[in-house]
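This briefing covers surface patches, salt bridges, loop contacts and backbone geometry. The structure comes first and the notes follow.

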Amino acid sequence: MNLEKTISQISRTNIEEILFSIEGLRHGWWNYEELEKRAEYIKRLFLEYGYRVEEDIFSFDRRPYRNIIATVNGINSRKDWLLIGAHYDAAYGSPGADDNGSGVAVMMEVARILRDTPVAEKIKFVAFTLEEPQPVTWQFLIGSKHFVKEFKKRGYRYRAIILESVGYTSHEPHSQQIPPFVRLRDIGTEIKAGDFLGIISNRRSRPLMKTFEESTRLYAPSLKTVSLTVPLNGYLLIESRFSDHSPFWDKGFEALMLTDTAMFRNPYYHTPEDTSNKLDFNFMNDVARAVTGFCIKQG
């Protein structure tokens with residue numbers, strides 16, 4: 001396989017079109033019908049790309065919700081999977097372009113590019129629902145918690161890459177905040193601006209993180225990365241658990257969160273101003289290159 005040729009087929013235009021289709025109010029409780037439209041859109045795209053699509057359906061507050069699962073040969077075709085995931089719901093009152101239309105758009109473009117490669121048979125793409133906090137209960141990560149619990153019970157094993165808000169950058173000095181209790185020596189670099197992709201792992205996932213770093217240097221050399229390993233599955237830095245990777249950590253699976261750091265960089269995070277015109281599509285294209293290269297090398 002000509003890896004460079006495969007990666008060169010990644011299309012910024014496709015990423016833009018997908019994000020524009022995902023963008024819009026779609027909170028799981030307040031915008032249920034709009035969320036369902038996004039689920040159908042994601043499902044249709046996976047089918048167009050040639051995947052078999054199945055649904056992990058569960059009930060929350062007397063409504064059905066669904067994680068959308070795409071594989072080449074079906075979820076029962078193997079037990080060990082490389083999982084690429086992103087949540088498709090949005091926070092209340094936000095059109096969710098960065099959080100998390102960006103993650104879904106990159107995931108879908110990676111799925112399109114990988115479909116006709118040998119590694120595709122080993123990958124499970126999952127669009128998670130109900131990642132964001134829900135009213136009354138304030139529960140969150142509901143979809144991924146259900147997925148991990150259900151599929152671990154069935155004997156499945158995962159290494160997971162979760163795309164969480166991967167579209168916002170700023171080159172302005174001091175545009176990047178550092179989370180509390182994170183020391184610069186922990187990340188081994190000086191941070192001047194919010195122009196990098198964060199790679200977040202727990203200690204179990206460090207080998208996965210190192211492999212992703214190596215693939216990024218090879219196949220997306222223009223993409224700056226900053227890596228952080230958090231102890232105790234992130235409970236000492238609670239913001240490091242605010243996405244769908246943390247249920248995988250809690251069940252003993254290796255998982256990474258790829259992120260633009262969300263609330264530590266993006267001033268529009270979880271607001272009505274989280275719109276596509278503020279995003280960096282070249283950055284998202286590089287993230288897609290990095291994930292694609294990683295997947296192929298893993299295969």
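Leu232, Tyr235, Leu236, Ile238 and Phe242 make a nonpolar surface patch of about 510 Å². This is a predicted model, in which local features need pLDDT of at least 70 and side-chain atom pairs count only at pLDDT 80 or more, while totals for chains, interfaces and linings use all residues. Residues are numbered from 1 along each chain as its sequence is written, and side-chain values use heavy atoms, with hydrogens and water left out.

**Surface patches**

- Patches consist of residues with over 30% relative accessible area and no salt bridge; like charges are joined within 9 Å, and nonpolar side chains (Val, Leu, Ile, Met, Phe, Trp, Tyr) within 5 Å.
- Accessible areas come from the Shrake-Rupley method with a 1.4 Å probe, and for residues only the protein chains shown count as cover.
- Tyr235, one of the residues in the nonpolar patch, lies in the loop between β7 and α8.
- Helices (H or I, at least four residues) and strands (E, at least two) are DSSP runs numbered from the N terminus.
- A patch of positive charge on the surface gathers Lys149, Lys152, Arg204 and Lys251.
- Lys and Arg count as positive and Asp and Glu as negative, with His and the chain ends not counted; the place of a charge is NZ of Lys, CZ of Arg, CG of Asp or CD of Glu.
- Arg204, one of the residues in the positive patch, is in the loop between β6 (197-202) and α7 (206-219).
- Arg204 counts as exposed because its relative accessibility is 54%; exposed means over 50% relative accessible area, buried under 20%, and partly exposed in between (1.4 Å probe, protein chains only).

**Salt bridges**

- Side chains of opposite charge can pair when their charged atoms come close.
- The structure holds 17 salt bridges, each defined as a side-chain nitrogen of Lys or Arg within 4 Å of a carboxyl oxygen of Asp or Glu.
- One of them joins the side chains of Arg66 and Glu36 at 3.0 Å, N to O.
- That pair links distant parts of the chain, with Arg66 in strand β2 (residues 63-71) and Glu36 in helix α3 (residues 32-49), 30 residues apart.
- Arg66 has a relative accessible area of 8% and is therefore buried.
- Arg112 and Glu109 form a salt bridge whose closest N and O atoms are 2.7 Å apart.
- Both Arg112 and Glu109 lie in helix α4 (residues 97-114), three residues apart, about one turn of the helix.
- Within this pair, Arg112 is partly exposed, at a relative accessible area of 29%, whereas Glu109 is buried, at 0% relative accessibility.
- Glu150 and Arg154 also meet through their side chains in a salt bridge (3.1 Å, N to O).
- Arg154 has a relative accessible area of 37%, so this residue is partly exposed.

- Asn233 sits in the loop between β7 (225-230) and α8 (246-250) and is partly exposed, at 23% relative accessibility.
- Leaving aside neighbours within four places in sequence, Asn233 is in contact (heavy atoms within 4.5 Å) with Asn202, Arg241, Trp249 and Asp250.
- The C-alpha atoms of Asn233 and Asn202 are separated by 5.4 Å, although the two residues are 31 residues apart along the chain.
- Ser144 belongs to helix α5 (residues 142-153) and is buried, with a relative accessible area of 0%.
- Not counting residues up to four places away in sequence, Ser144 touches Phe128, Thr129, Asp244 and Pro247.
- Leu130 is in the loop between β4 (123-128) and α5 and is buried, with a relative accessible area of 0%.
- Among the residues that Leu130 touches, not counting those up to four places away in sequence, are Gly28, Phe58, Phe60, Tyr65 and Asp89.
- Leu130 and Leu35 are 9.7 Å apart in space, C-alpha to C-alpha, and 95 residues apart in sequence.

**Backbone geometry**

- Asp99 and Asn100 are joined by a cis peptide bond, with omega about 10°; Asn100 lies in helix α4.
- Leu130 has phi near 50°, a positive value in a residue other than glycine.
- His270 has phi near 60°, also a positive value in a residue other than glycine.
- His270 lies in the loop between β8 (254-259) and α9 (281-298) and is partly exposed, at 30% relative accessibility.
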